[in-house]
Amino acid sequence: MSRTYVGTSVPRNEDRRLLTGNALFVDDVQLEGMLHAAFVRSDHAHGVLRGIDVSAALARPGVVAVITAEDLGDYWQPGPLLVPPPPIDGIVFNQASQVPLAKDRVRHVGEAIAMVIAESRYIAEDALADIVVDIDPLDPVVGLEAALEPGAEIIHPQLGTNLAAHVVQRHGDYETAKAAADVIISRRFHYDRGAAAAMENRCVAARWDPRAEELTVWDTTQAPIPIRNGLARMLGLLESRVRVVAPYVGGGFGPKIMMFYPEEVLVPWVAMRLGRPVKWAEDRQENFFATTQERSQIHDAEMALSADGRILGVQDFFLHDTGAYDPYGLTVPINSQCTLLGPYDVPAYHSEFRAVFTNTVTVTPVRGAGRQHGVFVMERLLDIAARQLGLEPAEIRRRNYLRKDVFPHTFQILFQDFAPLYYDSGNYAPALEAALDIVGRDTFPREQAAARAEGRYIGMGVVSYVEGTGIGPYEGARVTVEPSGQVRVATGLGTQGQGHYTAFAQIVAEVLDVDVDRVHVITGDTREFGWGTGTFASRGAVVAGSACHEAALAVRKKVLETGARVLGIAPDDVELAANSIRSRSNPDRAMTLGELAGHANPLRGAVTPGSEPGLEATAYFGPDHGSTASGVHAMVVEVDPETAMVKILRYIVVHDCGKLINPMIVAGQVQGGVAHGIGNAFYEQLVYDEGGQLQNASFMDYLLPTAMDVPNVEMAHRETDAPLNPLGLKGVGEAGCIPTGAAFAQAIEDAVPHLGLEIREIPLSPNRLFELIRSAPGVRVEALAAD
Ligand code: MCN
C-alpha cells in the first residue's frame, strides 16, 4: 500500500533555502563584466516628445551607452496583445499596447524614454540627470468619466477615442425581471486603484554567449516560456538558443505576468549588442510608476428582487480604467462581469462595461484580477436589499444560492478564456452555515450587545463568492527517476512563493511511492522545460499539478513494465514498495527504483522496439473548463465611531478548493490572500492628482497592512470534488482577497447601525471612513458614540 502525501501538510521543501539566504533571486546574479541599466522616465503624464539630448550623459565617465527609441530601429515594436478577444458581437476592443521606449508621445508619468547603460548602477543613475528631455505637455486624462467626455485629449490619436473596449454580456431579460420586481435597488459603487506591492521588485539580467550563440535571461517573470518565445522571435534566435530563468521570485501577485515590460525587451537586446552582461533592478519608487497596477472601476448597478428577497435580475454598467495601454485585453473587467454572479441564481443579467484609456500606469491583473469588484457590487446590493426587506444578511444569501444539483452549470456569458462561464461543481449553502457556526451564530448577538453596553461597537460581516480558477490552455511536466533514486520533476510554470516545489513533489511522490524529499521540482527555467504558459488565474495546482500527476502515472507504468522485465516476473506480480519495486508473490525479489533506472538506461544491449530508455515521461494537461472554487468569509470588527479606526477582531474563511494537496500551503495562501484583501479594503489606494501625478509613490505614503493589522484567519475547508481534473483540484491562490472588501463593508455597517452608514466604495481608509461617518444621514457629530 503506497504512502499518502496528497492531502497532508508536508513542510515546504523550498523554505530551507529561502530562510538560510541560499535561494537565488535575479538581483543575486553577478556576472563578470556586468553593466547596469537605469531608465529616464517621463515626468509628464501626457505630452508630445520633441527631443532628447543624451550628449552630456554619453560624456560622463563610466557611461557605456544611452539608448532611445530611435536607436532601436525595427526592434522598436509595440508589445503583443496577450489575450486577444474573439471577433464576436457585443465585444469592441481597441488595441494600444505599451512600447519599449516612448517615441513621439509620453502617456503616463514614469513611462520609459531612454535607457542608460553604465559600469555601475551609481553612474547610470547619475547620468539620468544629464539627459535633457523636451516634452510639450498635453492635457492629462485622469479619471474614468473624464476619459470619455467630449473634448478630452485623445491618448492614442490613431484610435480617435479613449474607449479601449466596450463589452455587453447578458442572459435572460433584465427589463422583464425589473417589471416584475417588488423591490429595486440602484446604487453607484467605486473601487479605487491599488498596487500589487510584491516584496521583490522587478529585475532582469541578460548575458549573450557568442560562442554558444546563446542568450540567457534571468527575469522575475511569472511567465518564463512566453518571454523566451517572444524574445527569440524579436531577436531572430532559435527558441532553444534563448534560456529564460525565473529563479526564486519574491512575490508576483499578477503584475509579473505582464509581457513585455520595456525592460524585459531592452536589457537582453542591449546585452547582445554590447557583448556584455547587463542588469536592471527596479527600485521601490520605480515600481510605483513602471509596474502595472489594478482596480479603478465605477459601477452603476441595479438589482430587482421579489418581496421575499429572491433575485430576479441584476444590471450593471461599469467603467474600467485600463491606464495608458491595454496589453492584457479584457481579462480584468470580464472577471468582474462574470464573478459578480457569484454563487447565486440570477435569472436575468445585463452587464455592460466600457474600458477607458487614461494617463496613468497600465492596468493588468493583480491578485483577484477584477473578481473582487464583481463580488463587492453583488454583495453590497444584497446587503442593501436585505436591509430594505428586513432580512438578515445570511438569510438573503441562503434564499438565493444555486442548489447543489444544478452542476455543472453553464451561463450564456463568456469568461476570461472566452468560453462560456462554466461552474463545474459546488455546494454553497453548507459553507455559509459552517462560517456562521464558527463565528457563533447564537453567541455573537450577545457579545455584540455586551460590547455595546461597554460603549464598544462591534459588528459582523458575512459574504459569499465563487472564483473561476484553473483555466487552460495547458501546462506540462516531465518526471524522471534518476539512478540515484532521486526523482526530478520539471514544469514550465514559474513560481513566486506559492509552494509548488512541495505540492508537486507530493503528487509525484504518492504516485511513485517514493519519499517526498527525494522528489525535486524544477520550475521557471526554459532549458528544463520549454512548453507552457505561466502562473496566473490560480491555475498552477489544477493545470501543472495535473500534468505532474499524469507524467508520474506514465513513469509508474514504465517502472512496472521495466521492473517485470528486469526482475523476470509477470507484469501483474510487480508492485511499488517505498522507493523500490518487488514481487508481490515473493517480496525478496526486489530492487530500488534507482537500480531500476540504471537498468532502464543500459550501456550495452538493445532497447526493444516500442520502448524507450530511462524511467522518464512527459505529460500535458489542458482542462476543457476551469474549476470553480467558492467560499464564505466572515469578519468581526470593532469600530471607533469617533476616530473611524477599525480593528479586525476575527476573520473566518470557509473555503472550497476541491481536494487539498497540502492543507498547510492552502492555509498560507488563504492567510496571505486575506492580508492582501485587508490591504485593498482599508489601507491601499494609489492617489493620482488631476495632472496624472501619483501622490503616494512610497511605502511612507502608500499604506500596507502589517502583521499588527492582519489577524490569524480561522479556517475551515470543504472539499467539493472538481470533476474536470484527475485529483479533483480547484485553485486557491487568489481566494483570500476576493470577498474581503465586501465583508469589511458589511461588518462596519453592522458595528454602527445607529449611524445609518451605507458603504459603496473601496478602499475605506481611516480618513475616508471618518468622512463617511461624519456625512452619514442623521449623524450628530457630537453624539457619534451614542444612540
Ligand atoms: N494548492 C493545494 N491544493 C489545492 C489548490 C492549491 O495545495 N486544491 C496549492 C498549490 O499546489 C500551490 C498553491 O496552493 O502550491 C497555490 O495554488 P493555485 O491556487 O493553483 O495558484 P497558482 O499556483 O496558479 O498561483 C498563482 C496565484 C495567483 S494568480 C496569485 S496573483 C498569487 C497566488 O497564487 N500570487 C502569489 N499566491 C501567491 N503566493 C505567494 N507567496 N506569492 C505570490 O506572488
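Helix 15 covers residues 540–567, and its 28 residues reach 38 Å from the first C-alpha to the last. That is close to the 40 Å expected at 1.5 Å a residue, where the expected span is 1.5 Å times one less than the number of residues. Helices here are DSSP runs of H or I with at least four residues, strands are runs of E with at least two, and both are numbered from the N terminus.

Before going on, a word on what you're looking at. This is a predicted model, in which local features need pLDDT of at least 70 and side-chain atom pairs count only at pLDDT 80 or more, while totals for chains, interfaces and linings use all residues. Residues are numbered from 1 along each chain as its sequence is written, and side-chain values use heavy atoms, with hydrogens and water left out.

## Around the ligand

There are 31 residues around the ligand, and those that come nearest are Gly 252, Gln 498, His 500, Gln 669 and Val 732. A residue is near a molecule or strand if one of its heavy atoms lies within 4 Å of it.

A polar backbone atom of Gln 496 is 3.2 Å from a nitrogen atom of the ligand, and a backbone N or O atom of Ile 661 lies 3.1 Å from a ligand nitrogen atom. Gly 733 has a polar backbone atom 2.8 Å from an oxygen atom of the ligand. On its own the ligand has 830 Å² of accessible area, and the protein covers 96% of that; the areas come from the Shrake-Rupley method with a 1.4 Å probe, and for residues only the protein chains shown count as cover. Helix 14 (500–512), helix 15 and helix 17 are the elements that give two or more residues to the shell. Helix 17 gives the most, with 3 residues.

## Strand 28 and its neighbours

Strand 28 (residues 646–656) is largely enclosed by the rest of the structure, because 8 of its 11 residues are buried. Buried means under 20% relative accessible area, exposed means over 50%, and partly exposed is in between (1.4 Å probe, protein chains only). Strand 27 (residues 627–639) pairs with strand 28 in the antiparallel sense over 10 bridges; two strands pair if DSSP finds at least two bridges between them. Within this pairing, Ala 634 stands opposite Ile 652. The two strands form a hairpin with 6 residues between them, and Ala 644 in the turn has a positive phi of about 70°.

With strand 29 (residues 714–718), strand 28 runs parallel, joined by 5 bridges. Here Val 653 stands opposite Met 715. The chain gets from strand 28 to strand 29 through helix 17 (residues 663–683), a right-handed β-α-β crossover. Right-handed means that, with the strands pointing away from the viewer, the path from the first strand over the helix to the second runs clockwise.

## Strand 13, covered on both faces

In a regular strand the side chains alternate between the two faces of the sheet. In strand 13 (residues 278–281), Val 278 and Trp 280 on one side and Lys 279 and Ala 281 on the other are all buried.

Strand 1 pairs with strand 13 in the parallel sense over 2 bridges, with Leu 35 as the bridge partner of Val 278. Strand 10 (residues 203–209) pairs with strand 13 in the antiparallel sense over 4 bridges, and Val 204 partners Trp 280.

Most residues other than glycine have a negative phi, and most peptide bonds are trans. Ala 537, not a glycine, has a positive phi of about 55°. Ala 537 lies in the loop between strand 22 (519–523) and helix 15, and counts as buried at 9% relative accessibility. Asn 579 has a positive phi of about 65° and counts as buried at 12% relative accessibility.

Then there are the cis peptide bonds. One joins Met 259 and Phe 260, with omega about -15°; Phe 260 is in the loop between strand 12 (242–245) and helix 7 (262–274). Another runs from Ile 762 to Pro 763, with omega near 0°.

Technical notes:
Polar contact = N/O pair within 3.5 Å; in protein donor to acceptor, adjacent residues only side chain to side chain.
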